[in-house]
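Please examine the fold shown below.

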Amino acid sequence: MIVFVDGSVLPQNPGGVVGYGWIADTGDSGFGIAFEGGESATNNISEYTACASALIWVLSRNVHKPVTVTIKSDSELLVHQLNGEWRVKHANLKPIAAIVH
(Lines give C-alpha, C1' and ligand atoms only; values in the text may rest on other atoms or scores of the structure.)
Protein backbone atom coordinates (compact mmCIF):
# COMPACT_ATOMS: atom_id res chain seq x y z
CA MET A 1 0.00 0.00 0.00
CA ILE A 2 1.27 3.46 -0.87
CA VAL A 3 0.17 6.44 1.20
CA PHE A 4 0.93 10.03 0.25
CA VAL A 5 1.11 12.44 3.22
CA ASP A 6 1.40 16.21 3.53
CA GLY A 7 1.07 18.87 6.17
CA SER A 8 1.25 22.63 6.50
CA VAL A 9 1.03 25.43 9.02
CA LEU A 10 -0.79 28.62 8.09
CA PRO A 11 -0.77 31.61 8.20
CA GLN A 12 2.64 31.52 9.86
CA ASN A 13 5.25 28.89 10.68
CA PRO A 14 5.64 28.39 13.59
CA GLY A 15 2.51 29.35 15.45
CA GLY A 16 -0.23 28.90 12.89
CA VAL A 17 -2.90 26.26 12.39
CA VAL A 18 -1.50 22.74 11.89
CA GLY A 19 -3.29 21.07 9.00
CA TYR A 20 -2.61 17.64 7.54
CA GLY A 21 -3.84 15.23 4.91
CA TRP A 22 -3.15 11.85 3.37
CA ILE A 23 -4.39 9.73 0.49
CA ALA A 24 -3.81 6.02 -0.05
CA ASP A 25 -3.57 4.19 -3.36
CA THR A 26 -6.85 2.52 -2.34
CA GLY A 27 -8.65 5.84 -2.85
CA ASP A 28 -9.17 6.34 0.89
CA SER A 29 -8.08 9.64 2.40
CA GLY A 30 -8.07 11.69 5.56
CA PHE A 31 -7.42 15.27 6.59
CA GLY A 32 -7.89 17.58 9.50
CA ILE A 33 -6.65 20.32 11.77
CA ALA A 34 -4.51 19.04 14.62
CA PHE A 35 -4.19 22.18 16.75
CA GLU A 36 -3.54 25.89 16.58
CA GLY A 37 -0.75 28.12 17.82
CA GLY A 38 2.29 27.80 20.00
CA GLU A 39 5.91 27.02 19.26
CA SER A 40 5.00 23.38 18.52
CA ALA A 41 2.87 24.43 15.55
CA THR A 42 5.52 23.84 12.85
CA ASN A 43 5.56 22.41 9.34
CA ASN A 44 7.59 19.45 10.59
CA ILE A 45 4.95 18.65 13.20
CA SER A 46 2.25 18.90 10.52
CA GLU A 47 4.14 16.45 8.26
CA TYR A 48 4.52 13.96 11.11
CA THR A 49 0.85 14.42 12.04
CA ALA A 50 -0.17 13.52 8.48
CA CYS A 51 2.01 10.42 8.62
CA ALA A 52 0.72 9.37 12.05
CA SER A 53 -2.89 9.84 10.96
CA ALA A 54 -2.32 7.71 7.86
CA LEU A 55 -0.58 4.94 9.80
CA ILE A 56 -3.34 4.86 12.41
CA TRP A 57 -5.86 4.44 9.57
CA VAL A 58 -3.79 1.64 7.99
CA LEU A 59 -3.49 -0.18 11.31
CA SER A 60 -7.20 0.18 12.05
CA ARG A 61 -8.20 -1.51 8.82
CA ASN A 62 -5.47 -4.18 8.83
CA VAL A 63 -5.60 -5.31 12.45
CA HIS A 64 -5.38 -9.05 11.74
CA LYS A 65 -3.15 -9.12 8.69
CA PRO A 66 0.31 -7.82 7.88
CA VAL A 67 0.60 -5.03 5.34
CA THR A 68 3.57 -3.30 3.78
CA VAL A 69 3.18 0.46 3.73
CA THR A 70 5.22 2.90 1.68
CA ILE A 71 4.96 6.50 2.85
CA LYS A 72 5.49 9.19 0.21
CA SER A 73 6.17 12.73 1.39
CA ASP A 74 7.61 16.00 0.14
CA SER A 75 9.20 16.56 3.56
CA GLU A 76 12.92 15.88 3.35
CA LEU A 77 13.13 15.77 7.15
CA LEU A 78 10.32 13.19 7.49
CA VAL A 79 11.70 10.97 4.72
CA HIS A 80 15.28 10.94 6.06
CA GLN A 81 14.12 10.35 9.64
CA LEU A 82 11.75 7.53 8.65
CA ASN A 83 14.55 5.90 6.68
CA GLY A 84 16.83 6.12 9.73
CA GLU A 85 19.30 8.40 7.95
CA TRP A 86 18.76 11.37 10.28
CA ARG A 87 18.13 11.43 14.02
CA VAL A 88 15.09 13.11 15.54
CA LYS A 89 16.75 15.90 17.53
CA HIS A 90 14.09 18.50 18.23
CA ALA A 91 12.19 17.94 21.49
CA ASN A 92 8.87 19.00 19.90
CA LEU A 93 9.16 16.24 17.27
CA LYS A 94 10.18 13.38 19.56
CA PRO A 95 6.71 12.42 20.89
CA ILE A 96 5.01 12.23 17.49
CA ALA A 97 8.10 10.71 15.86
CA ALA A 98 7.94 7.92 18.47
CA ILE A 99 4.36 7.17 17.38
CA VAL A 100 5.29 7.06 13.71
CA HIS A 101 8.44 4.99 14.18
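Proline 11 is located in the loop between strand S1 (2–10) and S2; helices (H or I, at least four residues) and strands (E, at least two) are DSSP runs numbered from the N terminus. The model is predicted, so local features need pLDDT of at least 70 and side-chain atom pairs pLDDT 80 or more, while totals for chains, interfaces and linings use all residues. Residues are numbered from 1 along each chain as its sequence is written, and side-chain values use heavy atoms, without hydrogens and water.

Leucine 10 and proline 11 are joined by a cis peptide bond, with omega about 5 degrees. Proline 14 lies in the loop between S1 and S2 as well, and the bond from asparagine 13 to proline 14 is cis, with omega near 0 degrees. Most peptide bonds are trans.

Tryptophan 22 is buried, at 7% relative accessible area, where buried means under 20%, exposed over 50% and partly exposed in between (1.4 Å probe, protein chains only). Tryptophan 57 is buried too, at 17%.
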